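Student: Please take me through one part of this model closely, step by step. I would like to see how its pieces meet, with a few single residues as a way in.

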Amino acid sequence: MIPRYSRPQMVKIWEPENRFRIWFEIEAHACDAQAELGVIPKEAAAAVWERAKWDVARIDEIERETKHDVIAFLTNLAEHVGPEARFVHQGMTSSDVLDTCLAVQLKEATDLLLADMDALLAALKRRALEHKYTATIGRSHGIHAEPVTFGLKLAGHYAAFKRGRDRLAAARDEVATCAISGAVGTFANIDPRVEEHVAAKLGLSVEPMSTQVIPRDRHAMYFAVLAVIAASIDNLATEVRHLQRSEVREAEEYFSPGQKGSSAMPHKRNPVLSENLSGLSRLIRSHVVPALENVTLWHERDISHSSVERVIAPDATIALDFALSRLTGMIDKLVVYPEGMQRNLDMLGGLHNSQRILLALTQAGMSREDAYRAVQRNAMPVWLEGKDFRTLLKADADVGQHMTAEQIDGVFDLEYHTKHVDTVFKRVFGE
């Protein structure tokens, strides 16, 4: 991921130095377990911890010759450990190191993402409570429907991200498994207790059934969860983009002093953050298909998945980390215009009460079909000619046979539409 969309703490997880640190810990913990089992001398295991060093540039130099990254690492490690290095990697295969390392990196990355989501959820909850009763028009198909509140809008997004967080926590557990089972997963040359020891030291669970690799359905699910979270980001970002349109102006991204919106038009205040989030979400979602295709490997293992994961694992986690942080900042500073929301509520002369009139007429004895025709008959001039809905209803003879003018006025009550806001908020946020 390019630096523009990267945050240092997440990037550090995927840097070569951290990867080699994890490789070393896997090998060193395995040596400890082997020593306890009497497979290698305890002095050798101690020497690995005491003398271990590695150099990224030197590993790269060796790999240019060996064309094998794990062998290059082990060779460089041996240059520092000395003769005892012959006991390192006993009975292990490269995937034992690579797959277990990836599990650790994804676990570390997920811990950051979970913290990101906690911050986002806190911001959404705060703004939802702030605008719990800020009335605004609800839209279906982009067209005015019935009133909601801006707090309800944000509560809906909060609920989506809460589900996303729960899924991410489950995906973390599912992907955080350790496999040190040897060449084809049979433990022929290494005791399963070595795997158990390393897993415990690294905070992983034991992979119940590895071949030469950890099954890639775990990783496919992980990246699918990241994609769903990205889709939720895009959903909220798209909402902000619509609300910021000049014709709507119900909310907008914070526009800082000195910020410029356009190189050509000095008046512009563009939704650049939410547009950026929509783009990053597309990128993150694009990793799902290759992750799914990685599930299919030849027999006990091939490495067709390897090149894919070397790209998508850092890129997806780094991009999502950045996106969640950016979205949190955007929501935290989002500028809300209640007066603009009221203006749009009033734009169509009370048409958002059409269902209430429909229901009131049916309850007063009119058939639903006749009531629908009567309400629609009076609604269309409001759309086409800008007339007032309430006035037209009062002048309609068919409506007048079933409702008085006072009863019609009673229908035009905004609080009717918000009477269950508390109930929804309790469902989303608890008591």
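Tutor: His299 counts as exposed, because its relative accessibility is 72% and the cut-off for exposed is over 50%. Keep in mind that this is a predicted model. His299 sits in the loop between α11 (288-293) and α12 (304-332). Its phi is positive, about 50°, although the residue is not a glycine.

His89 also has a positive phi, near 70°, and is likewise a residue other than glycine. This residue is placed in the loop between α5 and α6 (94-130). His89 counts as buried, because its relative accessibility is 16% and buried means under 20%.

Now for the division of the chain. There is a domain 1 (1-90), a domain 2 (94-341) and a domain 3 (348-429). The part to look at closely is where domain 1 meets domain 2. Their centres, taken over C-alpha atoms, are 30 Å apart. At the interface, 29 residues of domain 1 are in contact with 37 residues of domain 2. Together the two domains bury about 2,900 Å² between them, and carbon and sulfur atoms give 72% of that area. On the domain 1 side, Met1, Met10 and Trp14 supply 26% of the area buried against domain 2, which is more than any other three residues do.

Four salt bridges are counted between domain 1 and domain 2. Arg7 and Asp116 meet through their side chains in a salt bridge, with 3.0 Å from N to O.

Which helices does domain 1 use here? At least two residues each come from α1 (8-14), α2 (16-36) and α5 (69-81). The largest share is from α2, with 13 residues of the side that touches domain 2. By residue type, that side of domain 1 divides into 13 nonpolar, eight polar and eight charged residues.

Arg427 is exposed, because its relative accessible area is 73% and the cut-off is over 50%. In sequence, Arg427 and Glu146 are 281 residues apart, while their C-alpha atoms are 21 Å apart in space.

How values were computed. Residues are numbered from 1 along each chain as its sequence is written. This is a predicted model: local features need pLDDT of at least 70, side-chain atom pairs count only at pLDDT 80 or more; totals for chains, interfaces and linings use all residues. Side-chain values use heavy atoms; hydrogens and water are left out. Domain bounds come from an automatic or database domain assignment. Contact means heavy atoms within 4.5 Å. Buried area is the accessible area (1.4 Å probe) that two parts lose on being put together, summed over both. Helices (H or I, at least four residues) and strands (E, at least two) are DSSP runs, numbered from the N terminus. Ala, Val, Leu, Ile, Met, Phe, Trp, Tyr, Cys and Pro count as nonpolar, Asp, Glu, Lys and Arg as charged, and the others, Gly among them, as polar. Buried means under 20% relative accessible area, exposed over 50%, partly exposed in between (1.4 Å probe, protein chains only).
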